[in-house]
Amino acid sequence: MDWTRFRASPRIAWIGLGLFFVAVAAFRIGASAQGEGPPAPPLPSVTVAHPLSETVPHWDEFTGRFVAVQRVEVRPRVSGAIDRIHFTDGQIVKAGDPLFTIDPRPYQIAVDSARADVARMQSQTAMLSKDVVRGETLVGGGAITRRDLDQRRGGSDSARAQLMAAEAALRNAELNLEWTQLRAPIAGRVSDRRIDVGNLVQAGATPLTTIVSIDPIYFEFDVSESDFLHYARAGAGHQKTGQTPAWVRLADETDWKRKGTVDFFDNALNVHSGTIRARAVLPNKDMLLTPGAFGRVRVNGGDAAALLVPDAAIASDQTSKVVMVVTPEHKVAAKPVTLGPLHKGLRVVLSGLDPTDLVITAGLANPMVRPGALVAPTDGVIAPLAN
């Protein structure tokens with residue numbers, strides 16, 4: 001190296017040294033910037049509120065079946081041939097509407113014959129009564145003996161008895177003639193005909209059709225022993241049946257819009273199932289409820305304290321329903337809950353939630369709001385949505 005040249009150019013040496021220090025400083029600044037990274041994103045914002053505490057009606061739900069209040073199997077009371085059928089299968093009938101006509105001609109003949117017997121006995125009775133009156137006059141003059149008068153009285157009494165028998169036979173014949181017209185004993189829906197015109201039927205033996213009443217209608221269901229004891233202690237057992245409200249819905253319905261009352265509890269529990277049969281009665285104006293169909297009933301079991309949250313605050317995991325809450329450390333936690341029905345537009349939480357919990361009511365749509373995540377809570381309030 002030519003040191004002589006370096007000594008001759010001191011200005012150049014100082015410039016090179018300055019550039020070296022600038023390069024070192026720039027390198028350190030760049031390395032420091034790479035170590036710090038970008039700024040952290042803000043915490044997700046959520047709205048939280050304590051669950052609403054209220055006293056709500058407690059409902060017990062049961063599965064049951066609709067049963068007709070009245071069911072009649074129509075059978076003939078007299079024998080004969082079916083002459084006419086007055087209904088169509090499945091028709092709604094009123095009490096007294098004609099259903100079948102059995103050939104009435106043999107029974108009309110029997111009525112005419114019985115009337116003739118009555119007329120004959122009436123004539124005979126009148127004649128013998130006059131003989132008794134004449135005898136009472138003649139016995140005083142000695143024209144007849146008192147024994148003859150007693151015989152006339154006996155004959156008159158026998159004729160009156162035979163007249164009574166003839167009148168009874170006439171009423172029986174008229175009743176048989178009336179029974180040739182089979183009429184609906186109750187109002188309801190008639191089933192299909194079991195026999196056609198022209199067939200012979202036997203009195204009391206040949207089934208013709210059935211009729212079931214449809215308005216009102218019964219709903220029968222089984223109640224567990226513990227539930228029955230609860231109702232009995234609450235005054236809704238045998239003493240106050242008919243005062244306990246019940247709501248029924250069909251299998252394809254979601255709303256409890258069919259209102260009735262519990263009117264009957266059986267007199268004993270089933271020793272095999274540990275349940276007791278109960279029954280609710282409800283109107284069926286639209287005639288949609290059909291005997292034999294299944295449904296669900298809920299019975300008012302009294303009032304109970306409950307916590308209410310909006311449906312938007314409820315999430316689902318693989319096995320149950322959960323409510324997201326915020327801990328004092330501003331972390332999200334999931335609490336499994338048991339849900340009840342809606343009340344005032346809010347969902348009833350039967351268990352799994354505490355009154356002091358801060359429930360997330362808004363912000364759950366943010367994917368960053370998940371169990372264990374830090375959030376920025378904002379105070380809110382849960383209020384009833386409907387009266």
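User: Which residue stands opposite Ile82 in S6?

Analyst: That is Ile102. A note before we go on: this is a predicted model, in which local features need pLDDT of at least 70 and side-chain atom pairs count only at pLDDT 80 or more, while totals for chains, interfaces and linings use all residues. Residues are numbered from 1 along each chain as its sequence is written, and side-chain values use heavy atoms, with hydrogens and water left out.

User: How do you know that strand S4 and strand S6 pair?

Analyst: Two strands pair if DSSP finds at least two bridges between them. Three bridges join S4 (residues 80-85) to S6 (residues 98-102), so the pair qualifies. The two strands run antiparallel. A strand here is a DSSP run of E with at least two residues, a helix is a run of H or I with at least four, and both are numbered from the N terminus.

User: What makes S7 and S9 edge strands?

Analyst: They belong to an open sheet of four strands in the order S7-S6-S4-S9, with antiparallel pairing. S7 (181-183) and S9 (200-201) each have a single partner strand, so one side of each is left without a neighbour in the sheet.

User: Why is Thr209 called buried?

Analyst: Buried means under 20% relative accessible area, exposed means over 50%, and partly exposed lies in between (1.4 Å probe, protein chains only). Thr209, in strand S10, has a relative accessible area of 0%, so it counts as buried. Across the 387 residues of the protein chain, 32% count as buried.

User: What does Thr209 touch?

Analyst: Contact means heavy atoms within 4.5 Å. Not counting residues up to four places away in sequence, the contacts of Thr209 include Val72, Phe87, Phe100, Val190 and Arg194. A polar atom of the Thr209 side chain also lies 3.4 Å from the backbone oxygen of Ser191.

User: What makes the pair of Phe62 and Phe221 stacked?

Analyst: Rings of Phe, Tyr and Trp (its six-membered ring) pair if their centres lie within 6.5 Å; planes under 30 degrees apart count as stacked, over 60 as edge-to-face and the rest as tilted. Phe62 and Phe221 are 5.5 Å apart centre to centre, with 20° between the planes, so they are a stacked pair. Phe62 lies in strand S2 and Phe221 in strand S11, so the pair ties together parts that are 159 residues apart in sequence. Both residues are buried.

User: Why is the pair of Phe87 and Phe100 called edge-to-face?

Analyst: The ring centres are 5.3 Å apart and the planes stand at 80°, which is over the limit, so the pair is edge-to-face. Phe87 lies in the loop between S4 and S5, and Phe100 in strand S6. Phe87 and Phe100 are both buried. The whole structure holds five aromatic pairs, and ring pairs link Phe62, Phe66, Phe219 and Phe221 into a cluster.

User: Which residues touch the most other members of the largest nonpolar core?

Analyst: They are Phe221, Val223, Phe265, Val297 and Val299, in a core of 20 residues. A nonpolar core is a set of buried Ala, Val, Leu, Ile, Met, Phe, Trp, Tyr and Cys residues joined through side-chain atoms within 4.5 Å. Among the elements supplying at least two residues each are strand S2 (52-68), helix H5 (225-233) and strand S12 (244-250).

User: What makes S12 mostly covered?

Analyst: Five of its seven residues are buried. Five bridges join S12 to S13, and five join S12 to S15, so both pairings meet the rule of at least two. In S15, Val299 is the bridge partner of Ala246.

Terms used. A polar contact is a pair of N or O atoms within 3.5 Å; within protein, one must be able to donate a hydrogen and the other to accept it, and residues adjacent in sequence count only if both atoms are side-chain atoms.
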